[in-house]
Amino acid sequence: GPNDVGTITLHRMEQVEGFTISATSAAAPSKAKKDYEKGLDQAKKGKFEEAQHKFESAVAAYPNYAVAWVELGRVQNEQHAADAARASFERAIAADSKFVTPYQELARLALAEKNWAQLDAITDKLLELNPISFPEIWFYNAAANYYLQRLPDCEKSARQGIHVDAQHHVPKLEYLLAAVLSDKHNYQEAAEHMRNFVRLLPPGAENDAAQKQAEKLEQLSAKAEPPKPSAP
């Protein structure tokens, strides 16, 4: 499929809402606020061009309006203007470097373009700001390092992601860790994480494939164990 790590498919990053507000929003003048609200309304209706004009007018009136820069970037991206969108997300970060949403959006763009170095750099910054709320960002960071052949960094991020993912929202962290451990010939632990992955997946083709991989890792693990001393 697109974006393969061996047989891992990276799905689009899930939207994470509710952890993030920008401190800059409170100071927005009322006209900028009105344009921003109208823009949100148009964007919901899929009227991206109209929404873009409203968000442009909001940031023109109030250049530090971080959330308006983010929404402007989103509607630019909807209209396939990735470079313009990237510039808007960067303006949002310049306005409020602690606001995590624009980092998430830049990570999505880097992922879509398979720009692993950029994905690694952006997710590093985001995880510095908030290492506990975004297990999927640990996954993208680990995946970027996997593609960049930085396996120790990949392993570290995958383990950290599993640690913060108490609700198991990102089962692919288990898969990715299994892949790295398998590359290190650490088959026994790789098999354990592949089994965790199988347990977390709904039944279906992906589950069957993972089950086969778990069995293969278990066979490799059994072969790798030192032979038992034979009886005298």
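Trainee: Where is K114 found?
Mentor: K114 is in the loop between helix 5 (101-112) and helix 6 (116-129). Helices here are DSSP runs of H or I, at least four residues, numbered from the N terminus.

Trainee: What numbering and model is this?
Mentor: Residues count from 1 along each chain as its sequence is written. The model is predicted, with pLDDT of at least 70 needed for local features and 80 or more for side-chain atom pairs, while totals for chains, interfaces and linings use all residues; side-chain values use heavy atoms, without hydrogens and water.

Trainee: What is phi of K114 near?
Mentor: Near 55°, a positive value in a residue other than glycine.

Trainee: Why does K114 count as partly exposed?
Mentor: Because its relative accessibility is 41%. Buried is under 20% relative accessible area, exposed is over 50%, and partly exposed lies in between (1.4 Å probe, protein chains only).

Trainee: And Q149, where is its place?
Mentor: In the loop between helix 7 (135-147) and helix 8 (151-164). Phi of Q149 is near 65°, a positive value in a residue other than glycine. Q149 counts as exposed because its relative accessibility is 64%.

Trainee: Switching topic. Which helix holds Q219?
Mentor: Helix 11, residues 205-224. Q219 is exposed, at 53% relative accessible area.

Trainee: What separates the C-alpha atoms of Q219 and Y187?
Mentor: They are 8.6 Å apart, and the two residues are 32 residues apart along the chain.

Trainee: Which residues does Y36 touch?
Mentor: Leaving out residues up to four places away in sequence, Y36 touches F55, A58, Y65, V67, A68 and E71. Contact means heavy atoms within 4.5 Å.

Methods:
Helix = DSSP H or I, 4+ residues; strand = E, 2+ residues; numbered from the N terminus.
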